[in-house]
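Please open the model in your viewer and keep the sequence panel beside it. The stops below go from the whole chain to the sheet, then to the ligand, and end with the confidence values.

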Amino acid sequence: MEVGFLGLGIMGKAMAVNLLRSGFRVTVWNRTLPKCEELVEHGASIGESPAAVVRKSKYTIAMLADPRAALSVVFEKDGVLEQICEGKDYIDMSTVDVDTSSKINEEFSSHRNRVSLLKMCDSRFLLSLSDEWPVTGRDRTR
Ligand SMILES: NC(=O)c1ccc[n+]([C@@H]2O[C@H](COP(=O)([O-])OP(=O)(O)OC[C@H]3O[C@@H](n4cnc5c(N)ncnc54)[C@H](OP(=O)(O)O)[C@@H]3O)[C@@H](O)[C@H]2O)c1
């Protein structure tokens, strides 16, 4: 299964590595490119933009710093909104306020055939990875 990952900070990098170790094909994007190259060493592919990651992925996970970052990867040029469509799910795990998540959700919902943020998220995907909560920054090899 193709999984996309946006944001390779402290949390995002560790989570993406855990997905790779669990056997998923992972395409990553980060505002600062060298952080993506570190993930290539673990088997990830690099997407040239958030839109490119979503185009390739069934599920895209975002782990970004703040509301501003969460909004920018969705709404700016080459953002998530350009490629999200029915059959693709977007899981934003960044810490954001209600207004931010509502704005993203409403925009997705307003597009015909576009998925709704969270409502359409298939949590079985997350739960099926492991008997423990898999998508965390914890090093599962310890
Ligand atoms: N859900 C959870 O269980 C959980 C747990 C801990 C933390 N969090 C939350 O997860 C988020 C990430 O935490 P972290 O510790 O990984 O933070 P971090 O190490 O500071 O990483 C932040 C990430 O956001 C990116 N970013 C910042 N501003 C951006 C912008 N304007 N456009 C695009 N990307 C931008 C950074 O890209 P660059 O590398 O280019 O700077 C980096 O990839 C925070 O919101 C935090 O509160 C959630």
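Begin with the protein chain in cartoon view, where six helices and five strands can be selected; helices (H or I, at least four residues) and strands (E, at least two) are DSSP runs, numbered from the N terminus. Read from the N terminus on, the elements follow the order β-α-β-α-β-α-β-α-β-α-α. What you are viewing is a predicted model, in which local features need pLDDT of at least 70 and side-chain atom pairs count only at pLDDT 80 or more, while totals for chains, interfaces and linings use all residues. Residues are numbered from 1 along each chain as its sequence is written.

Next, select the five strands together: they form an open sheet in the order β3-β2-β1-β4-β5, with parallel pairing, where two strands pair if DSSP finds at least two bridges between them. At the edges of this sheet are β3 (45-46) and β5 (89-92), each of which pairs on one side only.

Then turn to the ligand and select the 21 residues around it, among which G9, M11, R31, A69 and T95 come nearest; a residue is near a molecule or strand if its C-beta atom, placed from the backbone, lies within 6 Å of it. Which helix gives the most to this shell? It is α4, with four residues, and both α1 (10-21) and α4 (67-75) supply at least two residues each. Coloured by class, the shell shows nine nonpolar, eight polar and four charged residues, with Ala, Val, Leu, Ile, Met, Phe, Trp, Tyr, Cys and Pro counted as nonpolar, Asp, Glu, Lys and Arg as charged, and the others, Gly among them, as polar.

Finally, colour the protein chain by pLDDT, the predictor's confidence in each residue, from 0 to 100: the average is 83, and 77% of the residues score at least 70. Confidence is highest in β3, at 98, and lowest in helix α6 (residues 123-127), at a mean of 50. Select residues 116-124, where the pLDDT is below 50, and then residues 127-137, where the pLDDT is also below 50. Where pLDDT is low, the predicted coordinates should not be read in detail.

Terms used: Contact = placed C-beta atoms within 7 Å.
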